[in-house]
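Subject: Structure for your review

Dear colleague,

Please find below the structure that I am handing over to you. My notes on what was found in it follow directly after.

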Amino acid sequence: APSFSGVVVGYVEALEPHPDATKLRVCRVDAGSGAPLQIICGAANVAAGMKVAVATIGAVLPGDFRIKRARLRGVESFGMICSAAELGLAESSEGILPLPADSEVGLDVRVLLQLDDHAIELDLTPDRGDCLSVAGVAREVGVLNRVPVRPPAIEPVPPAGDECWPVELIADAACPRYVCRIVRGIGANASTPLWMQERLRRGGVRPISPVVDVTNYVMLELGQPMHAFDLARLDGPLQIRLATQGERVALLSGDSVTLHADTLVIADAARPIALAGIMGGSETGVGAQTTDILLESAFFAPTAVSGQARRYGLHTDSSHRFERGVDHGLQVQAMERATRLLLQIAGGEPGPVVHLASEAHLPTAPRLLLRAKRIHQVLGIGIDDESVVDILTRLGMSVEPVAEGWMVEPPSSRFDVVLEVDLIAEIGRVYGYDNIPITHARSAVTTKAQPETAFDLTRARQRLVARGFHEVVTYSFVSPEQQALIEPDAAALALANPISAELSVMRTGLWPGLLQVARQNLARQQSRVRIFESGLRFRQTGGALKQDEVLAGLVVGPVSPEQWGGGARDADFFDLKSDVEAILALTGRAGAFRFTAAQHSALHPGQSAAIDRDGRPLGWVGMLHPRLASHFDINANAYLFEIALDGVADGVKPVFEPLSRFPSIRRDIAIVVGADVLYQRIADSVRAAAGELLRELVLFDVYQGDKVEAGRKSLAFGLILQASSQTLTDQDVDSIVAGVLARLAEDVDARLRD
């Protein structure tokens, strides 16, 4: 209790109405100080013959409220008769605090109620539902301090008759065990003893009535939530079943809820009367006139109760425990304990215990193999076998020695122990983390050699930055709708627990993130966007998840920043293609890569190309499809590329070649070919015909117009020829050019332009 002083036990000898106030009464109270005190009191429950808490003159109540001699409506008052709220024992009170009739007059109330005590609040992780009771905490204290635990003696209460209430267990998977018992003839005038009220109050539960207090007491003591129905209000047999969609139940809290079809309820023949494991109904609740009750003690599966309370905007002591798991072997013990306490407090005649169980749906304790060597591997220390067995035994587990270690079976209260590592965690916890020495990992430090011919992603990123790109990092999970628009044929992996519906699948490529970045920048008046990203893409192939590292980029807007020396020009397909070629050139084998016209669902059908290396698919480059540009609110032409890095992993080691001392010769030729002939085919033919004397091939003009017949085009390119051992003669050059023209005529039906 909070600090207060000067409050003693008083005896109300007499009282009479206040002469000038209808709601006040003048009380004569013996406070053990000699002459009775005259005290004015307005509480409705004050009566002659009561023992009450009296704050005498000079007393100090919580909040530094000091009691002084006062005059109320012309009548003097020499103290105050206190309520539980005024003493800080409750948040609110409807009247004064009655004290036991055998309390000693004049005794300090703090001594009478043993208020110089301390309450310890324990914060538990959700997996330790076994500690949501005094018994559970006692078990932990006993284990950690090597002291014996003395549980309350629970003896069966013999029935006084054979009356049983019919019960039908329909939803046996959600409620594998249900125990109930009739108790008739409870004393209507009985009151909860002070010791129980105080234990409940200190456990955070408000005392209400003997029946309710007993069920709450057993819940706090043993960890088993219980409930009592007014027998006179039950209509026919009980059913433990799932609700019918739309059924309603009025709860003890005063709320009325509409039930969903998957909600577990306790019902009689007429209607649902309780939300199983959460809260009872008001129509069958125990009241001041209740004399016959049906006590209930059940085990509800955590999966059946979990989330249901929050679904209806509720959170109760019962739901808090059942969601985390209640010992499924505790229900009969709790019933006997509650019956014994109720008979001691309020009397009554109990019937036999009705016990229904579905053994097939009750949890079974796992038999876990605990390997001795595994303990050392996980904890980093060796614990002798005797200590291991001692710790597990004190934790209530059965231990059987086997060749590798032990077969261990945890008690039914430990829902959290399901794996070998859980046992090791328990051993480490009880052994004491402070007793585990600090050790540092030791291993041979080796540097992995980077092959000289390997593709260097860091250099590729630096090259893109040098070419005006900015690096971005986007989420690996994307919107399933956008993913389907970009790659409709790719199977995206759905997340089991996404942070939002818009980010619920893993990306099969990097383009969704880049397009989002582009949209956000364009919406903020950034007209020139050049971005790239390297990261993983996730694709399901053959039932397995494949993770590939890729490099992707996007450009939109002017090819160069605004400046005075030249006009603005938007980037096009070939600008981005040159950026991609600059990256691929880092392998030292730029000639091994081919750009082939192909169609991709996310790219414009007339401006897209597949990239391959020696026939192996590598990636894509092209203009964003207008349909996707509209979806992402991109009003300018956007160009994308993506390269799978495993396809460029190996390259050629650079080697020095001596510079030729002899001059180079350039010959320009212009040819006419079909409009559909790719330049790549022409370049391959030229290089094959010119051989090693061709140092460089430069395409400097492409023309289609009036001076070239329809369906054909003109290409002009320069051949730079050079030998390393001699100066080439005109005859040598003419021979090479003739060979090139002959090869072009054969391969691509080319002819010299007039």
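Helices and strands are DSSP runs, numbered from the N terminus, with at least four residues (H or I) for a helix and at least two (E) for a strand. Please note that this is a predicted model.

In that numbering, aspartate 548 belongs to strand 29. Aspartate 548 is buried, its relative accessible area being 10%. Apart from neighbours within four places in sequence, aspartate 548 is in contact with Gly535, Leu536 and Arg537.

Helix 12

Helix 12 spans residues 457-466, and Leu457, Ala460 and Leu464 are buried in it. These residues lie on the same side of helix 12, because they cover an arc of only 55° around the axis. In general, an α-helix has 3.6 residues a turn, so residues three or four places apart point the same way. The exposed residues Gln462 and Ala466 are carried on the face of helix 12 that is turned away from its buried side.

What do the buried residues of helix 12 pack against? Their partners are strand 28 (529-541), strand 29 (544-556), helix 15 (573-584) and strand 33 (638-644).

Both ends of helix 12 deserve a remark. The N-terminal end is capped by aspartate 456, with a side-chain oxygen 3.0 Å from the backbone nitrogen of threonine 458. Just after helix 12, glycine 468 adopts a positive phi of about 95°.

Helix 14

Helix 14 comprises 12 residues (511-522). From its first C-alpha to its last, helix 14 reaches 16 Å, close to the 16 Å expected at 1.5 Å a residue. Trp511, Pro512, Gly513, Leu514, Leu515, Val517 and Ala518 are buried in helix 14.

Glutamine 224

Glutamine 224 is placed in the loop between helix 4 (210-222) and strand 12 (226-230). Is this residue, glutamine 224, buried or exposed? Glutamine 224 has a relative accessible area of 0%, and buried means under 20%, so glutamine 224 is buried. Its side chain reaches the backbone oxygen of alanine 298 at 2.9 Å. Leaving aside neighbours within four places in sequence, the contacts of glutamine 224 include Val218 and Met219, as well as Ser297 and Ala298. Phe322, Val326, Asp327, Leu330, Gln331 and Ala334 are also in contact with glutamine 224.

Aromatic rings and charges

There are five aromatic pairs in the structure. One of them is formed by tryptophan 195 and tyrosine 217, whose ring centres are 5.7 Å apart and whose planes stand at 90°, so the pair is edge-to-face. This pair links distant parts of the chain, with tryptophan 195 in helix 3 (residues 194-202) and tyrosine 217 in helix 4, 22 residues apart. Tryptophan 195 is partly exposed, at a relative accessible area of 40%, whereas tyrosine 217 counts as buried at 6% relative accessibility.

Charged ends also sit over rings. That of arginine 110 sits over the ring of phenylalanine 4, 4.7 Å from its centre. That of lysine 577 sits over the ring of phenylalanine 595, 4.7 Å from its centre.

Exposed loop residues

Leucine 659 lies in the loop between strand 33 and strand 34 (665-674). With 75% relative accessibility, leucine 659 counts as exposed. Leucine 659 and serine 724 are 65 residues apart in sequence, while their C-alpha atoms are 7.6 Å apart in space.

Glycine 63 occupies the loop between strand 4 (51-61) and strand 5 (65-66). Glycine 63 is exposed, its relative accessible area being 77%. Glycine 63 and proline 2 are separated by 61 residues in sequence and by 9.0 Å in space, C-alpha to C-alpha.

Which value does phi take in arginine 73? Phi of arginine 73 is near 55°, which is positive in a residue other than glycine. Arginine 73 is situated in the loop between strand 6 (70-72) and strand 7 (75-77) and counts as exposed at 54% relative accessibility.

Glutamine 114, likewise a residue other than glycine, has a positive phi near 55°. Glutamine 114 is located in the loop between helix 1 (109-112) and helix 2 (134-145). Its relative accessible area is 59%, and glutamine 114 is exposed.

With kind regards

Conventions
Residues numbered from 1 in each chain as written. Predicted model: local features only at pLDDT ≥ 70, side-chain atom pairs only at ≥ 80, totals over all residues. Heavy atoms only, no water. Buried < 20%, exposed > 50% of the residue type's maximum accessible area, 1.4 Å probe, protein only. Arc of directions from axis to C-beta. Contact = heavy atoms within 4.5 Å. Polar contact = N/O pair within 3.5 Å; in protein donor to acceptor, adjacent residues only side chain to side chain. Expected span 1.5 Å × (residues − 1). Phe/Tyr/Trp six-rings, centres within 6.5 Å; stacked < 30°, edge-to-face > 60°. Lys NZ or Arg CZ within 6 Å of the ring centre and 35° of its normal.
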